[in-house]
Amino acid sequence: SLSTGLLTTAELENVEPAFRYALDVINENRTMLSQTKLIPEIINTGSAEDSPSSIIRAVLELVNRKVSAVVGPFRSSHAQIASYILSDTDELRSESDMSLP
């Protein structure tokens, strides 16, 4: 199974059901990712107008949950912050994997 994260806001009320539906469709289709089940990990970050710190906390929570992919946030400045955190985390994971005996 692969955990797949969603960062959404209260204003985007249709995003979570659409995300869950998309994962269900993929999971039910035996020709796509036939050996994998996608598990939704959803975090509501509050309002799209909140400070970037809520995005940082949410992204770190998804990292702690060991998600393999993240959808959102849907505001470009927040997406940029999330992408920096996630890319740095991937680099750190790769470096720690290389140091294992």
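**Close-up views of a predicted model**

**View 1. Three strands form an open, parallel sheet in the order S2-S1-S3.** Strands are DSSP runs of E with at least two residues, helices are runs of H or I with at least four, and both are numbered from the N terminus. S2 and S3 (69–71) are the edge strands, each with a single partner, so one side of each has no neighbour in the sheet. From one strand to the next the twist averages 25°, with axes fitted as lines to C-alpha atoms and angles taken from 0 to 180 degrees between N-to-C directions. The model is predicted: local features need pLDDT of at least 70 and side-chain atom pairs pLDDT 80 or more, while totals for chains, interfaces and linings use all residues. Residues are numbered from 1 along each chain as its sequence is written, and side-chain values use heavy atoms, without hydrogens and water.

**View 2. Strand S1 (residues 2–8) runs parallel to S3.** Three bridges join the two strands; pairing requires at least two DSSP bridges. Gly 5 has Val 70 of S3 as its bridge partner.

**View 3. Helix H2 covers residues 52–64.** Its 13 residues reach 18 Å from first to last C-alpha, close to the 18 Å expected at 1.5 Å a residue (1.5 Å times one less than the number of residues). Buried residues in H2 are Ser 54, Ile 55, Ala 58, Val 59, Leu 62 and Val 63 (buried: under 20% relative accessible area; exposed: over 50%; partly exposed: in between; 1.4 Å probe, protein chains only). Lys 66, which follows H2, has a positive phi near 60°.

**View 4. Met 32 lies in the loop between helix H1 (15–28) and strand S2 (38–44).** Met 32 is partly exposed, with a relative accessible area of 35%.
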